[in-house]
Amino acid sequence: MVETQLGLVIDQERCIGCEACTVACKNENLGSIGFIRVQTQDAAQKDIPAGKFPDLRMTFMPLVCNHCDRPPCEDACPVDAIEKRQDGVVILDREACDGCRACVDECPYAAISFDEEAEHAEKCNLCAHRIDEGLEPFCVVCCEAQAIHFGDLNDPATTAGRLKRAETVFQLMPEQGTGPSVYYCPQMAPRGV
Amino acid sequence: MTSEATTKLIRTVCPAHCGIDACGILAHVKDGRVVKVEPAEFPDPKYRRICLRGLSSLDITYHKDRLRYPMKRTGKRGEGKFERIAWDEALDTIAEKFKAIAAEHGWPSIGWVLGGPGAGTTKFGAYLRLASLTQSTRVSAWGYGDAGLPCGSRVIFGTQFPYALLFGGLLAGKAKPDMVVVWGANPGESQPLNLMRPIMDAKANGARLAVIDPRFTVTASKADAYLGVRPGTDSALALGLMHVIFQREMHDAPFIIRHSTGPYLVRSDTGKYLRGKDLGLDEEQAYVVWDTVGDRPAQCRAEGVAPAIGGTYTVNGIACKTAFELLKELCDTYTPQKTSEITGVAPDLIVNLAARIGSSRETTFVTHMGFTRTYHGDVSLRALGTVATVTGNVMARFKGGYLPAVLNWKPFLKAVPDKPSYSRMGILQLYDAIISGNPYPVKAVWFSFINFLNQCAHSNKIEKEVFANLDFIVDTELFMTPTARYADILLPVCSYLEFSDLVPHPYPYVQYQQKAMEPLYESRSDVNIAAGLAERLGFAEYFSGGEDGFVDLLLDSKDPSVEGITREQLMQGAMPVTAIPEMDQAFDIPFSTPSGKIEIYSEGLVEDGQALPFQLDPLESPVPGKKTRYPLAFIQGHSRFRTHSMFANVDALLELNPEPIVEINPRDAKERGICDGDQVVVYNDRARTKLKAAVSEGVSPGVVNIMQGWWIDQFAEGSVNHLTHDVINPVQEKVYEPNMHMNDVAVEIEKAE
């Protein structure tokens, strides 16, 4: 048996950068921010295209915890508030966190935020509370573009597992050696008419 | 879990004014409080959706600024000073005031200014019923930017909306286009939002996508080809595309002959269609074609006649050309080079797009109201429709709007059969009715579902002349909007979670917006408010069933689309409409144009110089060869963070999109010494609007964009609609209703002091 690694495949071709995922996350997880944030690639500001009019491109990049195989945040946490579960989800227990920010500094993806008011770190737990009830993460359910796929990445029978195996799919900063469990399908290049 | 046990799930609908989208919502209710909303299931999972606005439902319902009780104005209009009153006092005051004004000026002097009701039906219907029973004035809000499209659609297709004809197949999941052209719409962020999924599905299945828009939108970012057309030049682009299509003989001649007026002969002397009487035929009004079999004129649609699509003929001494010939001659002059000079789109892009449309098996045109919010936007819509027609890409039998018929207000209007109903007035015509009493005086207005001052053209004029000439203003609102500040009586309404309604969307479903919680504070539903006033005006019996009574009125209306569907069924989930019109070009088209065909040539507009979809100069937008007082074309995109002015006060969305910005191209910014993030003033003769600049290649040089919907108080000075004008296009007034031309405005920008 191949072990389970739950994760996401995010399709940039379909992503419309709407940030429904961000709002959905905040509603569901009651974080100080939504833990999935959408950036516009190659742009100084959100929603501003790169290039020169009319030869432009705009690609959206939703960024979220990568639920790494070898999570540096887990190693960094002095109070064991971060744990990689059997199903591959990396959990940060807000209650157990002592607010030292070691994980925030250690994450190469800047995926861990800090709630200044509550004085604890927080991040995407892949809606573990929903997963445990057989539901998908809320950002997946609320994605307007149906661009976020959730599933066992090691199981090619799932959509996520199948998409992950496509040739063009990529991970962020693989050179960091953390083994991210979030994969991206790139936006299709314009083919002209 | 015990907490789960006490949570009730109510299936309802977010009816925000996304019109055709209307996402199904599952509300989680705990101790009478909605604690969560999520997208509800649909029989087809493609329809299960929500957006960042729908996800903000609770931010609206539980917003700290909600109006809590009825109020009467105590300060000056606009000052925002109000005093709490009881519902009885509020409704008594309104009834007395209405009766007094009606006694002096007649009931038509009371105007019901009903904006976009969103996807709801009964809340709108209730006020229509009241307007109808009192024979007062219903002020149609189509002219708020949305009338240009129906004006054009009525002329060419004889139908209010061309949507179903152009993209109904894609919406219904029946079309398999190999080419999609999105023209003047941004479904990635705004209407028709629920087209974005099928568009991307079509693209994944190999279809090419072209997007035509002056802004490089989210939708444009998905395109295989982006055409950054200059505002107000869409007709030229259409003519240029047809130039290539005709030159390469890529047009669909059998479709044109069968379904359009293309083969009909047009008299060169009068510009009118040649008729049977000109030939001495029995059928005097019959249209005439040139029969290629007998090489002679013949009555159209007569047996054995094979009409010529083009050509010049002399019939009974009358020189004639076919309508198609006239169109072709017009397009002859629109070479790619000339078209490029007018539109700003590169010539090879025009040629390639035309060739792609001409050679595709099936092209779906997705459009909305962006480019029809220009002075001649109705003509542009006809131009687009003509491209679709000459390439055979109009769905024939799928008549009407998006949906079969539920948006049918007749059941509300027939409360007393045989009694005259309301008078109808366009919202842009309302200005003059109030200011000058033309065509008759309007002295009191009732605003519902509308933030009139904020969203309608020429806000300064509204404030200083329109409001100033009104004796009485009522507003039903959730919040103290810029408009609400001017109300004499201000009534708190429910958010959608607090009342029930019937929602005939998204196609092909009907949904029940089921009340999920009791109204907060003293808020009431619009149906309830209308009923309260009706009682005081002597019409209580027509409002006795409450919201559900009106829902049943529609369900029991014998309309074939909802026949047999019950409220009980709808409480469980969305129901597919029971009658779905066919879509098949093999059948003849029952268009409601004078000819019964697609009118690529409109004889009714000969005197107006608009028989064909000519490129006519915009009113203000600068185009090459035209001197304008201000150099920049100002347009208003529609943002995903708001639906018109709704959601502009939601903190969760303001975190992501904190303030109004004007987008300006780096070239224009540099010329004016403007840097990204600078405070600037956008101005013209009407106003100065102060806000932050974003220097962006996302708008063409010569074009600036401010997303509409920000409230006036969110600007340092002025607002979007302080810059717009209220000029009436008389052709639109004649055809249907005059439109506000929000995207046909010229401005200049300078760095703020």
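The structure is a predicted model, in which local features need pLDDT of at least 70 and side-chain atom pairs count only at pLDDT 80 or more, while totals for chains, interfaces and linings use all residues. Residues are numbered from 1 along each chain as its sequence is written, chains are lettered from A and ligands numbered from 1 in the order in which they are written, and side-chain values use heavy atoms, with hydrogens and water left out.

**Overall build of chain B**

- Chain B contains 24 helices and 29 strands, where helices (H or I, at least four residues) and strands (E, at least two) are DSSP runs numbered from the N terminus.
- The radius of gyration of chain B, taken over C-alpha atoms, is 26 Å, close to the 27 Å that the globule rule gives for 753 residues, so the chain is as compact as a globular protein of that length; the globule rule is 2.2 Å times the number of residues to the power 0.38.
- Along the principal axes, the C-alpha atoms of chain B fill a box of roughly 80 × 65 × 65 Å.
- Of the 753 residues of chain B, 66% are buried, a term that means under 20% relative accessible area, with exposed meaning over 50% and partly exposed lying in between (1.4 Å probe, protein chains only).
- Among the contacts in chain B with a separation of 6 or more, 73% join residues 24 or more positions apart, a contact being heavy atoms within 4.5 Å.

**Aromatic rings**

- Rings of Phe, Tyr and Trp (its six-membered ring) pair if their centres lie within 6.5 Å, and planes under 30 degrees apart count as stacked, over 60 as edge-to-face and the rest as tilted.
- By this rule there are 35 aromatic pairs over all chains, and one of them is the edge-to-face pair of B:Phe42 and B:Tyr509, with 5.1 Å centre to centre and 65 degrees between the planes.
- That pair links distant parts of the chain, 467 residues apart, with B:Phe42 in the loop between strand S3 (33–39) and helix H2 (57–61) of chain B and B:Tyr509 in strand S22 (residues 509–513) of chain B; both B:Phe42 and B:Tyr509 are buried.
- The pair of B:Phe467 and B:Tyr486 is tilted, with 4.9 Å centre to centre and 40 degrees between the planes.
- B:Phe467 counts as buried at 1% relative accessibility, and B:Tyr486 counts as buried at 10%.
- Ring pairs also link a cluster of residues, including B:Phe98, B:Trp112, B:Trp409 and B:Phe550.

**Helix H7 of chain B**

- Helix H7 (residues 196–204) of chain B is mostly covered, with seven of its nine residues buried, among them B:Arg197 and B:Lys203.
- The buried residues of H7(B) pack against helix H6 (163–171), strand S8 (179–183), strand S9 (208–212) and strand S16 (363–367) of chain B.
- Just after H7(B), B:Gly206 takes a positive phi of about 110 degrees.

**Cysteines of chain A**

- A search of the whole structure finds zero disulfides over all chains, a disulfide being a pair of cysteine sulfur atoms within 2.5 Å.
- A:Cys124 is in no disulfide, and the nearest cysteine sulfur, that of A:Cys65, is 5.5 Å away; A:Cys124 counts as buried at 10% relative accessibility.
- The sulfur of A:Cys139 is 6.2 Å from the closest cysteine sulfur, in A:Cys127, which is too far for a bond, and A:Cys139 is buried, with a relative accessible area of 9%.
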